[in-house]
Amino acid sequence: MNFFDRLAHRIETTDSVVSVGLDPDMDRLPDVFHEYDLPRFAFNRRIIDATHEHAAAFKPNAAFYEDPDGWRALEETIAYAKGKGVPVLLDAKRADIGNTTRQYAELVDPDTGSTGADAITVNPYMGRDSLQPFLDTESAGVFILCRTSNPGGADLQDLELAEGDLLYERVAALADLWNEHGNIGLVVGATTPEELEDVREQVPDLPFLVPGVGSQGGDAEAAVEHGLADGVGVVNSSRGIIFAGENADRAEGDADRFASAAGDAAKRLKRRLNQYR
Ligand SMILES: O=c1ccn([C@@H]2O[C@H](COP(=O)(O)O)[C@@H](O)[C@H]2O)c(=O)[nH]1
């Protein structure tokens, strides 16, 4: 089954478009998790247990796992999340020249002992050939960075091209063109609602992964109004959910309190987003 069909099914089952970001910053984990062999997995497992019923997807960001123990924690996390029936989007922002990008694409290739993730984020800066192995992995979702949520997203992505369109608009148009297997989505941040609306007008049929609500203060209403294509798409919050139980004295933080605060935060975000669906 195509990734976006699987995602649509999950959205319907959970009545949720929330993507829970699994970004287990080691410096912010409660002390209790540091006693485990794989602290990041121990933490994520509790977060997944507490939030999965409200999660349309989980989104681990590879940056939080790029060391030997981290990679093991990532693989365990993905397997555990999938065991709960939740699609996993690996936010890795990859792409490179042909032979290198073929290696990257194995991250989501079910035939090559991949991470097991269902979808991945990729960077379009190197052009179509740098994305082709991902696009050819038909079972995997491929979210192309289009208009990112960070303040510097404007530096390049808002540049006007000679033909008059903006760079992020061109990325959206190309993504639509490249979508031969129906497995492409776009990453468009909630922090720039006008651009979000603009991209939606350009590509009515592509689902979006919308980061930037929660800790980055993005616009939740715009995220839902423009992020979904025929009801499919996800709105991500990472720190706002997984660290909802954090207080000034981290040493007092315990696993139960963290997990239950994360569950409450995911449920609250689901309800908030559902007001606009
Ligand atoms: O434009 C983008 C692309 C990716 N991200 C990633 O999403 C999460 C957001 O985390 P919060 O804690 O909810 O701010 C994180 O993994 C980013 O690297 C993004 O924020 N914006």
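This report describes the ligand surroundings, an annotated residue and the nonpolar core of a predicted model.

**Surroundings of the ligand**

The shell around the ligand holds 18 residues, of which Asn61, Thr148, Pro211, Ser238 and Arg239 come nearest. By residue class, this shell divides into two nonpolar, 13 polar and three charged residues. At least two residues of the shell are supplied by strand 8 (234–237), and at least two by helix 10 (239–242).

**The annotated residue Lys93**

An unreviewed UniProt entry places the feature "active site" at Lys93. Lys93 lies in strand 3, which covers residues 89–94. Is Lys93 buried, exposed or partly exposed? Lys93 has 18 other C-beta atoms within 10 Å and is therefore partly exposed, since a buried residue would need 20 or more and an exposed one 12 or fewer.

**The largest nonpolar core**

The largest nonpolar core contains 83 residues. Ile120, Val142, Ile144, Cys146, Leu186, Val235 and Ala262 touch the most other members of this core. Helix 11, residues 255–274, gives the most to the core, with seven residues.

**Contacts of two residues**

The table lists the contacts of Lys93 and of Leu186, leaving aside residues up to four places away in sequence.

| Residue | Residues in contact |
|---|---|
| Lys93 | Thr121, Val122, Asn123, Leu145 |
| Leu186 | Phe143, Ile144, Cys146, Ala172, Ala175, Val199, Leu206, Phe208 |

Among the contacts of Leu186 are Ile144 and Cys146, and both of these are also named with Leu186 among the core residues that touch the most other members.

Methods:
Residues numbered from 1 in each chain as written. Predicted model: local features only at pLDDT ≥ 70, side-chain atom pairs only at ≥ 80, totals over all residues. Near = placed C-beta within 6 Å. Helix = DSSP H or I, 4+ residues; strand = E, 2+ residues; numbered from the N terminus. Nonpolar A, V, L, I, M, F, W, Y, C, P; charged D, E, K, R; others polar. UniProt positions renumbered as here; feature names shortened; annotations may be inferred. Contact = placed C-beta atoms within 7 Å. Core = buried A, V, L, I, M, F, W, Y, C linked by C-beta atoms within 7 Å.
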